[in-house]
Amino acid sequence: MSVGIPIVCTDVGFMREIVIPEKTGYLVAVGDYKGFAEKVLAILNNDSLKRRMREEAQRLVHDKLSVYHMTASFEKLIAELYRMKSRQVGVNQ
């Protein structure tokens, strides 16, 4: 996605968090080989769709999946876990 390639994948695990259907790619049910092929062909045969999905995919990676963003998210999570733990044991912040 960071290089502008729309994604077609099965709807499992965390894929729904990074593939936005109709925007950055498509999700298909596990075992839906025909649906998978149809979605790949839909992207390959439609230049405007391919271009739009490419732009959306790159924007998503830049805005939400960059190393900077992921690091900031982990820092927030660690700080929140520390605050919660501190309240549980009665440590002053």
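A salt bridge is taken here as a side-chain nitrogen of Lys or Arg within 4 Å of a carboxyl oxygen of Asp or Glu. The structure is a predicted model, in which local features need pLDDT of at least 70 and side-chain atom pairs count only at pLDDT 80 or more, whereas totals for chains, interfaces and linings use all residues. Residues are numbered from 1 along each chain as its sequence is written, and side-chain values rest on heavy atoms, with hydrogens and water left out.

By the salt-bridge criterion, the count comes to four. Asp11 is paired with Arg16, the closest N and O atoms being 2.5 Å apart, and Asp11 is partly exposed at 33% relative accessibility (buried means under 20% relative accessible area, exposed over 50%, and partly exposed in between, with a 1.4 Å probe and protein chains only). In helix α3 (residues 47–64), Lys50 and Asp47 are three residues apart and thus separated by about one helical turn, and their side chains form a salt bridge with an N to O distance of 3.4 Å. Glu80 and Arg83 are likewise three residues apart, in helix α4, and are joined by a salt bridge at 3.0 Å, N to O; Glu80 is partly exposed at 31%, as is Arg83 at 32%.

The protein chain contains four helices and two strands, where helices (H or I, at least four residues) and strands (E, at least two) are DSSP runs numbered from the N terminus. Along the sequence, these elements follow the pattern β-α-β-α-α-α. The radius of gyration of the chain is 19 Å, well over the 12 Å that the globule rule gives for 93 residues, so the chain is more spread out than a compact globule; the radius is taken over C-alpha atoms, and the rule is 2.2 Å times the number of residues to the power 0.38. The C-alpha atoms fill a box of roughly 60 × 30 × 15 Å along the principal axes, and 24% of the 93 residues count as buried.

Thr24, in the loop between α1 (15–18) and β2 (25–28), is buried, with a relative accessible area of 1%. A polar atom of the Thr24 side chain lies 2.7 Å from the backbone nitrogen of Ile20. Leaving aside residues up to four places away in sequence, Thr24 touches Met1, Pro6, Ile7, Ile18, Val19, Met53, Glu56, Ala57 and Leu60, contact meaning heavy atoms within 4.5 Å. Leu77, by comparison, lies in helix α4 (residues 67–89) and is partly exposed, with a relative accessible area of 44%.

Methods. Polar contact = N/O pair within 3.5 Å; in protein donor to acceptor, adjacent residues only side chain to side chain.
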